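Please look through the structure shown here before reading the report that follows. The sections take up a few places in turn.

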Amino acid sequence: MRLSLIGPGDIEYHYNKLLKIDNNTLNNHLDKIAQLLVNANAELEILPDRGVSTELAKLYKKKGGKKVIGAVPKSDTTFGIEHLKPYINEKVNGKPLIDEIIDTGDWFKHDLIKGLLGNHLLCLGSSPGSNGERHYAVYLYKLMQRFKEGVEISGKRIHPEIRAGKNFSIIAYSPFFLDKKLPREDEAYCEKFGINLYYAKSPKELESILKELS
């Protein structure tokens, strides 16, 4: 099972200031999540950049996680990827954090397909970037499942590394959201397009969800 991770890049602003979660509490959540991801034998797919996804991936690797895949828009000529290089080259316990790179094209295509590169999508909070990735995952999944009249497209045609299929699920880790849930409209569209939506209120609940999906 490959999990696509999305979440806020500005940890201090989102978790400390907005959610009022201190660093010890945050690290405790991430440490427990990392261990259960290792126990679930899951592969992780992240954008190697500043933020919660990379921090979780580092903990996962320290605990013996088997594989971290970096989704990187290597072909982009608008914004470039120079700012990603320190994270792409990050080492954990002397070994590379990133085991494999997926070229997601340019930044615009990257944002569209990011959430579909895993069998399931794990959301670690709500921010402009992570919300965009989640919304576009839902929209493209809608097209892949032929909910738009006149459009027939497969995931593999959009990008060969897309893994989201019939059992695609979005898991929101509730403690990392201000309202603990997604907007009701988002829930309704997930249901309409056949996307399983889960809320994990704790690491233990997340563990149960991953067991159900594996």
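## Two asparagines in loops

Asparagine 41 is found in the loop between H2 and strand E2 (43-46), where helices (H or I, at least four residues) and strands (E, at least two) are DSSP runs, numbered from the N terminus. Although asparagine 41 is not a glycine, it has a positive phi of about 60 degrees. With a relative accessible area of 47%, asparagine 41 is partly exposed, a class that lies between buried, under 20% relative accessible area, and exposed, over 50% (1.4 Å probe, protein chains only).

This is a predicted model, in which local features need pLDDT of at least 70 and side-chain atom pairs count only at pLDDT 80 or more, while totals for chains, interfaces and linings use all residues. Residues are numbered from 1 along each chain as its sequence is written, and side-chain values use heavy atoms, with hydrogens and water left out.

Asparagine 93 has a positive phi of about 55 degrees, although it is not a glycine. Its place is in the loop between strand E4 (91-92) and strand E5 (95-96), and at 61% relative accessibility asparagine 93 counts as exposed.

## How H2 packs on H3

Helix H2 (residues 23-39) packs with helix H3 (residues 52-62) at an angle of about 60 degrees, and their axes are 8 Å apart; axes are lines fitted to C-alpha atoms, for helices over the stretch in contact, and angles run from 0 to 180 degrees between N-to-C directions. H2 and H3 are therefore oblique to each other, given that angles under 35 degrees count as roughly parallel, over 145 as roughly antiparallel, 65 to 115 as roughly perpendicular and the rest as oblique.

H2 passes H3 in a right-handed crossing, a term used if the near helix is turned clockwise from the far one by less than a right angle, whereas anticlockwise is left-handed. On the H2 side the contact (heavy atoms within 4.5 Å) is made by Leu30, Asp31, Ile33, Ala34, Leu37 and Val38, and on the H3 side by Val52, Leu56, Leu59 and Tyr60. By class, the contact of H2 with H3 has 9 nonpolar, no polar and 1 charged residues, where Ala, Val, Leu, Ile, Met, Phe, Trp, Tyr, Cys and Pro count as nonpolar, Asp, Glu, Lys and Arg as charged, and the others, Gly among them, as polar.

## How H2 packs on H9

H2 also packs with helix H9 (residues 203-213), at an angle of about 20 degrees and with the axes 10 Å apart, and these two helices are therefore roughly parallel to each other. The crossing in which H2 passes H9 is right-handed. His29, Lys32, Ile33, Leu36 and Leu37 of H2 make this contact with Pro203, Leu206, Glu207 and Leu210 of H9, and the residues divide into 6 nonpolar, 1 polar and 2 charged.

## Arginine 2 in strand E1

Arginine 2 has its place in strand E1 (residues 2-6) and is buried, with a relative accessible area of 2%. Leaving aside neighbours within four places in sequence, arginine 2 is in contact with several residues, including Glu43, Ile69, Asn119 and Arg163. Arginine 2 and glutamate 43 are 41 residues apart in sequence, yet 4.6 Å apart in space, C-alpha to C-alpha. A polar atom of the side chain of arginine 2 lies 2.7 Å from the backbone oxygen of leucine 117.

Technical notes: Polar contact = N/O pair within 3.5 Å; in protein donor to acceptor, adjacent residues only side chain to side chain.
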